[in-house]
Amino acid sequence: MRESSDVREDASTARALRTKEDILRVATAEFAANGYAGARVDEIAARTRTTKRMIYYYFASKESLYLAVLERVYAQIRQVERGIQIGELAPDEALRRIAEATYDHHTTHQAFIQLVSIENIHRAEHLKQSETILRENATAITLLEEVIERGVRAGAFRDDVDAVDVHMVISAYACFHVANRHTFAAIFDRDMLDPHLQDSHRRLIGDMIVATMTDRPGAPPPV
């Protein structure tokens, strides 16, 4: 009897996890498309295998659901970064790999960029309430700090650019492709997410960040 009860409990837990994941997946698209104010919990419920009442059972409120969505999308990029085995790479190659992985993530997770843009419109008022996001995102900087410190010790990197600056440059380039895609295309007739451009664009951010860190400001040009 005990084993049967455990099986039922495990099945119930698995169903609950699937339901929550389904809600978060649909909510991510809804908030990204319509913003925090414009998103409708009724619409999320209609597009999932659950009800509005059940959404509030799992997430308590619209704001709590939105925070859970933010935590989920930020966790995904941090997971990508942690998957890079930087200890096995030379500093310049590790830096290049981080830049390219960030570019690949951002250009294939457009909802993430849209949600970041929405949070900036709201002056990060929701994001700042999440200790999880603030804690987890610190790893993006510690990862870069480790690579930069190794590069500086080896004499390969300059020592006047910190990890936050490097993160900013990489993020700015990767985010631009999604955030400015349509205006850029209208003005310059170039779709920055054209599949034929991705290899060269990915290589470009790697080249840019490695060149920035290996440059020696004030040093005489090579003869």
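Here is a quick briefing on a helix pair, a loop and one glutamate. Bear in mind that the model is predicted. The helix pair is H4 and H7, whose axes sit 10 Å apart. The loop runs between H6 and H7 and holds Ala-124, and the glutamate is Glu-30, part of helix H1.

**H4 against H7**
- Helix H4 (residues 62-82) packs on H7 at an angle of about 20°, and since angles under 35 degrees count as roughly parallel, that's the label this pair gets.
- The crossing of H4 past H7 is left-handed.
- On the H4 side, the contact takes in Leu-70, Glu-71, Tyr-74, Arg-78, Glu-81 and Arg-82.
- Facing them from H7 are Thr-132, Ile-133, Glu-136, Asn-137, Thr-139, Ala-140 and Leu-143.

**The loop between H6 and H7**
- Arg-123 sits in the loop that links helix H6 (110-121) to helix H7 (131-153).
- Arg-123 isn't a glycine, yet its phi is positive, at about 55°.
- With a relative accessible area of 70%, Arg-123 is exposed.
- Ala-124, in the loop between H6 and H7, also has a positive phi, about 60°, without being a glycine.
- Ala-124 is partly exposed, at a relative accessible area of 23%.

**Glu-30 in H1**
- Glu-30 belongs to helix H1, which covers residues 2-38.
- Glu-30 counts as buried because its relative accessibility is 6%, and the cut-off for buried is under 20%.
- Leaving aside residues up to four places away in sequence, Glu-30 touches Gly-35, Gly-38, Ala-39, Arg-40, Glu-43, Ile-44 and Arg-47.

Conventions:
Residues numbered from 1 in each chain as written. Predicted model: local features only at pLDDT ≥ 70, side-chain atom pairs only at ≥ 80, totals over all residues. Heavy atoms only, no water. Helix = DSSP H or I, 4+ residues; strand = E, 2+ residues; numbered from the N terminus. Buried < 20%, exposed > 50% of the residue type's maximum accessible area, 1.4 Å probe, protein only. Contact = heavy atoms within 4.5 Å. Axes fitted to C-alpha atoms, helices over the stretch in contact; angles between N-to-C directions. Parallel < 35°, antiparallel > 145°, perpendicular 65-115°, else oblique. Left-handed = near helix turned anticlockwise from the far one by under 90°.
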